[in-house]
Amino acid sequence: MASMEAPPQAAAQDRDYKLMKEAVCEAYRAVDRGDGGPFGAVIVRDDAVLVSCHNLVRKNTDPSAHAEVTAIRQACRRLGKVDLSDCEIFASCEPCPMCIALIRASKIKKVVYGAKAEAAVAAGFDASIPEAFVEYYRKSGIEIRQVQGEAARIADKVFEKPWEIPGEAMQRRRTGGGWFEKAKGMVIRCLWN
Ligand SMILES: [Zn+2]
């Protein structure tokens with residue numbers, strides 16, 4: 001059968017999906033391992049994944065250990081430099097002001113995120129980011145965009161409350177605490193690998 005070249009847009013969406021899937025898997029891993037909130041980030045260089053990280057706020061007892069921060073630190077260590085201008089970052093959720101500021105400091109030019117910050121806020125996380133703030137960084141030359149289609153859907157799904165899912169997860173429901181306590185131990189839903 002004659003091969004049909006995929007249109008460039010479809011190829012770009014496919015790439016987005018693959019990389020977002022990896023960031024989303026990290027988000028689930030963060031909760032599953034008890035390391036932190038459901039946030040993941042992947043840094044890409046030369047079209048390959050350089051590092052893949054998740055939120056380590058709980059594990060490290062460090063409020064700054066967001067997925068993007070952890071990923072940038074690891075990428076810099078791995079490359080032996082603080083300039084990541086030849087890298088892109090894929091985050092499972094829209095980066096918070098602290099992370100965007102660090103992204104700028106690291107000179108990363110392309111930011112692709114999955115869920116809107118509102119999705120995290122609705123799930124009880126302090127993740128709001130003013131639109132004016134994003135605009136400020138866009139004007140400084142950073143491309144910031146949300147993924148489309150299926151990639152956005154799987155990123156949104158991260159914030160679905162697992163204790164509201166019927167069946168086994170419901171039976172294992174825990175009481176009290178925030179999203180993390182409720183979700184811990186029942187969020188192994190990274191089934192796309
Ligand atoms: Zn952040």
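Q: What is the handedness of the crossing of helix 3 and helix 4?
A: In this predicted model, the crossing of helix 3 and helix 4 is left-handed. The contact is made by E68, V69 and I72 on the side of helix 3, and by C99, L102 and I103 on the side of helix 4. Sorted by class, the contact has 5 nonpolar residues, no polar ones and 1 charged residue.

Q: Why are helix 3 and helix 4 called roughly parallel to each other?
A: Helix 3 and helix 4 pack at an angle of about 20°, with their axes 9 Å apart. Angles under 35 degrees count as roughly parallel, and helix 3 and helix 4 are therefore described in that way.

Q: What makes A105 an exposed residue?
A: A105 has 12 other C-beta atoms within 10 Å, and a residue is exposed if that number is 12 or fewer, so A105 counts as exposed. The place of A105 is in helix 4 (residues 97-105). A105 and V82 are 23 residues apart in sequence, and their C-alpha atoms are 8.6 Å apart in space.

Q: Why does K107 count as partly exposed?
A: K107 has 14 C-beta neighbours inside 10 Å. A residue is exposed at 12 or fewer and buried at 20 or more, with partly exposed in between, so K107 is placed in the partly exposed class. K107 lies in the loop between helix 4 and strand 4, and its phi is near 70°, a positive value in a residue other than glycine.

Q: Why does D47 count as exposed?
A: With 8 C-beta neighbours inside 10 Å, D47 meets the limit of 12 or fewer, and therefore counts as exposed. D47 belongs to the loop between strand 1 and strand 2, and its phi, near 65°, is a positive value in a residue other than glycine.

Q: What do strand 1 and strand 2 form, and how many residues lie between them?
A: Strand 1 and strand 2 form a hairpin with 2 residues between them, and D46 in the turn has a positive phi of about 50°.

Q: How do you know that strand 1 and strand 2 pair?
A: Pairing requires at least two bridges, and 6 bridges join strand 1 (residues 40-45) to strand 2, so these strands, which run antiparallel, count as paired. I43 stands opposite V51 in strand 2, and V49 in strand 2 is the bridge partner of V44.

Q: How many bridges join strand 3 to strand 4?
A: Strand 3 and strand 4 run parallel and are joined by 5 bridges, and two strands pair if at least two bridges are found between them, so strand 3 and strand 4 are paired. I89 stands opposite V111 in strand 4. Strand 4 is mostly covered, with 5 of its 6 residues buried.

Q: What makes strand 2 and strand 5 the edge strands?
A: The open sheet has 5 strands in the order 2-1-3-4-5, with mixed pairing. Strand 2 (48-54) and strand 5 (143-146) each pair on one side only, and they are the edge strands. From one strand to the next, the twist averages 20°.

Q: Which strands does helix 1 lie across?
A: Helix 1 (residues 8-32) lies across strand 1, strand 2, strand 3 (87-93) and strand 4 (110-115), and runs at about 140° to strand 1. Helix 3 (residues 67-79), for its part, lies across strand 1, strand 2 and strand 3, running at about 135° to strand 2.

Technical notes
Residues are numbered from 1 along each chain as its sequence is written. This is a predicted model: local features need pLDDT of at least 70, side-chain atom pairs count only at pLDDT 80 or more; totals for chains, interfaces and linings use all residues. Helices (H or I, at least four residues) and strands (E, at least two) are DSSP runs, numbered from the N terminus. Axes are lines fitted to C-alpha atoms, for helices over the stretch in contact, and angles run from 0 to 180 degrees between N-to-C directions. Two residues are in contact if their C-beta atoms, placed from the backbone, lie within 7 Å. Angles under 35 degrees count as roughly parallel, over 145 as roughly antiparallel, 65 to 115 as roughly perpendicular and the rest as oblique. A crossing is left-handed if the near helix is turned anticlockwise from the far one by less than a right angle, and right-handed if clockwise. Ala, Val, Leu, Ile, Met, Phe, Trp, Tyr, Cys and Pro count as nonpolar, Asp, Glu, Lys and Arg as charged, and the others, Gly among them, as polar.
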